[in-house]
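User: I would like to learn how to read the features of a protein model, step by step. Could we begin with the way helices pack against one another?

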Amino acid sequence: MVSTRLERITAILLELKAVATRWFKYYVVWNKAVPFISGLVFVHAWVEYALIAVLITHLTDEWLHLPRAASIVNVQDGVTAVLALVVAYVSDAYLGPFLAVVCSTVAYITGLILLFFAAWRLTNIELQLLYVALILVALGRAGRDIPLKEFLAYQFREEGSYMTWRKIWWRPAYILGICASVYVFANATWIELSRISAIAMGVAFALFLGGIAFKYKYKPPAKESKLNNMLQILYAAISKRRLSNSTPSGNVIPILRWLDKASVEEPSPSQAEQVRIGRLWSPEDVQEVKILLSMVPLWTTFLAYGLLQATGNTFFYEQVGYMDSRLGRISKVPIVIFVIVKSSTSFIVSRLCDSLIPSCWSQKVPRQVMLTRVGAGMALSPVLHSCLEDREVQAAQFFLLGFMEGLVFDGMEEVFDGHVPESFRKYGPSFTQFALNIGNFVSLAFILIFHGLFNDNLDTSGLATYYALLAYICFVNFLFYCSVATYYVKDSYYEKDESPVEQELEQIQNLVDSNEATDHQLAE
C-alpha cells in the first residue's frame with residue numbers, strides 16, 4: 001500500500017513538473033523586436049502619470065484660474081476618447097497598426113514640444129499654442145490603446161496565444177513607467193516635465209524605429225474594416241430610407257429597424273455593383289451593426305459617472321494641493337502618488353472581480369452578474385460626492401474613485417464583449433472610454449452653467465455645493481441605470497476564457513482529488 005502511494009505521489013510530482021515547464025514556456029516568450037516596443041509603452045506610462053494626469057495642477061500653478069483650467073482638461077480628455085475611435089478606424093482601414101503608431105507618436109512629440117514652449121513663455125499668445133499642443137497630445141494618447149497594443153500583439157501572431165503574451169510584455173513596461181513617474185522628477189515644474197517628456201518620447205520613438213532592423217512583423221490594413229462597414233451600412237440605410245419591402249434582420253431594438261434598409265436591393269445598378277460600392281449589405285452584417293448600436297441606451301446611463309470621472313481628474317487633484325500632504329518624514333507627497341493610488345485600487349478590484357466572479361460558475365457567468373457589478377460601482381457615486389464635503393476624508397476619495405473604476409469600467413467591457421459580435425470586441429476599451437468621456441463635455445457644460453460656484457482658486461469656490469448637486473444627479477442616474485439594465489438581462493453569457501495551461505492545472509487538480517479519494521477508500 002505504501003509503495004502504491006509513493007508511486008502515485010511520484011507520478012503526480014512528475015506531472016506537475018511537466019505542467020510547470022509548459023507554463024514557463026507558455027508565459028515566458030522572447031522576441032528580439034518586442035523590447036523596442038516596450039520602451040515606447042514605458043514612456044507612454046511615464047508621461048501619462050507624471051504630466052498629463054495631473055495637468056490641471058500645472059495649469060492653475062502657472063497662469064490659469066480654476067474654471068478655465070478645468071474646462072481645458074475636460075476638453076482634452078473628451079477629444080482623446082473621440083480621437084481613439086478615429087485612430088482605430090484609420091489604423092484598420094488605411095494605415096495598419098505600425099504606421100498609425102508612427103503618426104500618433106510624431107503628433108505626441110510635437111504636442112509635448114509645443115507644450116514646453118507654451119509653459120516657457122506663459123503669455124496670452126502662447127495660450128493659443130497650448131490648445132494646439134493639447135490636441136496633438138490627445139492624438140498621441142489615442143494611438144496607444146488600440147494600434148500600439150495591436151502592433152505588439154501581432155509580433156506573436158505565429159506563437160499561438162498572442163493576446164496573453166501581449167499582456168505579459170505590456171503590463172511590466174507600463175508599471176515600470178508608472179513607478180518612474182514617482183521617483184523621476186515627481187516634484188519638477190511644468191517646464192521641466194514638458195521638456196523631459198518631449199525628450200523621453202523622442203528617444204523612445206527613435207528606439208522604436210530602431211526595432212525595424214530586428215524585423216518587425218507588420219499587420220497590413222484590413223481588407224474589411226468593421227468600423228468602415230458600420231459607417232457604410234449607416235450611410236446606405238439613410239440614403240435608402242424611403243425604400244420599402246425591407247426584411248427585419250433581427251429583433252434588437254424596434255427603433256433600429258430602419259437599418260434594415262441597407263439590405264434592400266435597389267432597381268439599379270446591378271446587385272454586384274451595389275455590393276462593391278457599399279450600397280447593399282447582407283442581413284447578417286446589418287444585424288451586427290444593430291447589436292452594436294443597441295448598446296447606446298446603456299451607454300447613456302454613464303453620462304453621470306463620466307461627469308464624476310471628469311470631476312476626479314480635475315478638482316480632486318487640485319484639492320490635493322490644498323491639503324496637508326505631509327507623510328511622516330516626507331515633507332510633500334507628490335500628487336502623482338494619488339494618481340497611482342487610484343489606478344492601483346482600480347487594477348486590484350478589477351483583477352479580484354475577474355478571479356472571484358467566474359469561480360462561482362462552472363463555465364459561464366450570466367450577464368446580469370456583470371451588470372450588477374457595474375451597478376454596484378455606480379451606486380457608490382453618490383456616496384463619494386457626500387464624502388467630499390468632509391475635508392478629513394478627502395484623502396480617501398482616490399481609493400473610492402479607483403474602487404468604482406475597477407467595478408464600472410472593466411465591468412462595462414465585459415458586458416460589451418458578451419453583447420456584441422466577436423468582430424467588434426477589440427474596440428471594447430475605446431467604445432467604453434468614449435461612452436465615459438462624454439461626461440467630460442457634460443462637466444464642461446456644468447462648469448459654464450454653474451460658473452458662479454467657481455472662482456480663481458478652491459478657497460473661494462463653492463465646491464461643496466457643486467458636489468452636493470452631483471450627488472443628487474448620480475443618485476437619479478443610478479435609478480435610471482437600473483431601469484435600463486433590465487433590458488439587457490437576457491439569456492446571454494460572458495464566456496469564461498481559460499488558457500491551455502489553466503485547463504491543464506485544473507485537470508491536475510482533478511487528478512489529485514481522485515487519488516485522494518482512492519487513498520481514502522484503500523485506507524478504509
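Predicted model: local features only at pLDDT ≥ 70, side-chain atom pairs only at ≥ 80, totals over all residues.

User: Are H13 and H17 roughly parallel or roughly antiparallel, and why?

Analyst: An angle over 145 degrees counts as roughly antiparallel. H13 and H17 pack at about 155°, and they are therefore roughly antiparallel to each other.

User: Which residues make the contact between H13 and H17?

Analyst: A contact is read from both sides. H13 contributes Tyr-305, Leu-308, Gln-309, Gly-312, Phe-316, Tyr-317, Gln-319 and Val-320, while H17 contributes Gln-397, Phe-398, Leu-401, Met-404, Glu-405 and Val-408. By class, the contact of H13 with H17 holds nine nonpolar residues, four polar residues and one charged residue.

User: At what angle do H13 and H18 cross?

Analyst: Helix H18 spans residues 428-449, and its axis and that of H13 cross at roughly 70°, coming within 7 Å. Angles of 65 to 115 degrees count as roughly perpendicular, so H13 is roughly perpendicular to H18. The crossing of H13 and H18 is right-handed. Among the residues that make this contact are Leu-303, Gly-306 and Ala-310 of H13 and Gln-433, Asn-437 and Phe-446 of H18. The contact of H13 with H18 comprises 10 nonpolar and seven polar residues, with no charged ones.

User: How does H4 pack against H18?

Analyst: The axes of H4 and H18 are 8 Å apart, at an angle of about 155°. That angle makes H4 roughly antiparallel to H18, and H4 passes H18 in a left-handed crossing. From H4, the contact includes Pro-67, Asn-74, Asp-77, Gly-78 and Ala-81; from H18, it includes Ser-430, Phe-434, Asn-437 and Leu-444. The contact of H4 with H18 divides into 13 nonpolar residues, eight polar residues and one charged residue.

User: Is Asn-437 buried or exposed, and why?

Analyst: A residue under 20% relative accessible area counts as buried. Asn-437 is part of helix H18; its relative accessibility is 8%, so Asn-437 counts as buried. Leaving aside residues up to four places away in sequence, Asn-437 touches Asp-77, Gly-78, Ala-81 and Gln-309. The C-alpha atoms of Asn-437 and Gly-306 are separated by 5.7 Å, although these residues are 131 apart along the chain.

User: Where is Tyr-427 placed?

Analyst: Tyr-427 belongs to the loop between H17 and H18. Its relative accessibility is 1%, so Tyr-427 counts as buried. Not counting residues up to four places away in sequence, Tyr-427 touches Ala-88, Asp-92, Ile-146, Ser-225, Lys-226, Leu-227 and Phe-416. Tyr-427 and Ala-88 are 339 residues apart along the chain, and 8.0 Å separates their C-alpha atoms.

User: What is the phi of Lys-215?

Analyst: Lys-215 has a positive phi of about 65°, although it is not a glycine. This residue lies in the loop between helix H8 (190-210) and helix H9 (226-239). With a relative accessible area of 69%, Lys-215 is exposed.

User: Which residues does UniProt list for "transmembrane region"?

Analyst: A record can be set beside the model. The unreviewed UniProt entry lists residues 33-57, 98-122, 128-147, 168-190, 196-216, 434-454 and 466-489 under that name. In the model, residues 128-147 are 100% helix and 0% strand, and their end C-alpha atoms lie 29 Å apart. Residues 196-216 are 71% helix and 0% strand, with 28 Å between the end C-alpha atoms.

User: How many helices and strands are there in the chain?

Analyst: The chain has 20 helices and two strands. Of its 524 residues, 50% are buried. Among contacts in the chain with a separation of 6 or more, 80% are between residues 24 or more positions apart.

Definitions and conventions: Residues numbered from 1 in each chain as written. Heavy atoms only, no water. Axes fitted to C-alpha atoms, helices over the stretch in contact; angles between N-to-C directions. Helix = DSSP H or I, 4+ residues; strand = E, 2+ residues; numbered from the N terminus. Parallel < 35°, antiparallel > 145°, perpendicular 65-115°, else oblique. Contact = heavy atoms within 4.5 Å. Nonpolar A, V, L, I, M, F, W, Y, C, P; charged D, E, K, R; others polar. Left-handed = near helix turned anticlockwise from the far one by under 90°. UniProt positions renumbered as here; feature names shortened; annotations may be inferred. Buried < 20%, exposed > 50% of the residue type's maximum accessible area, 1.4 Å probe, protein only.
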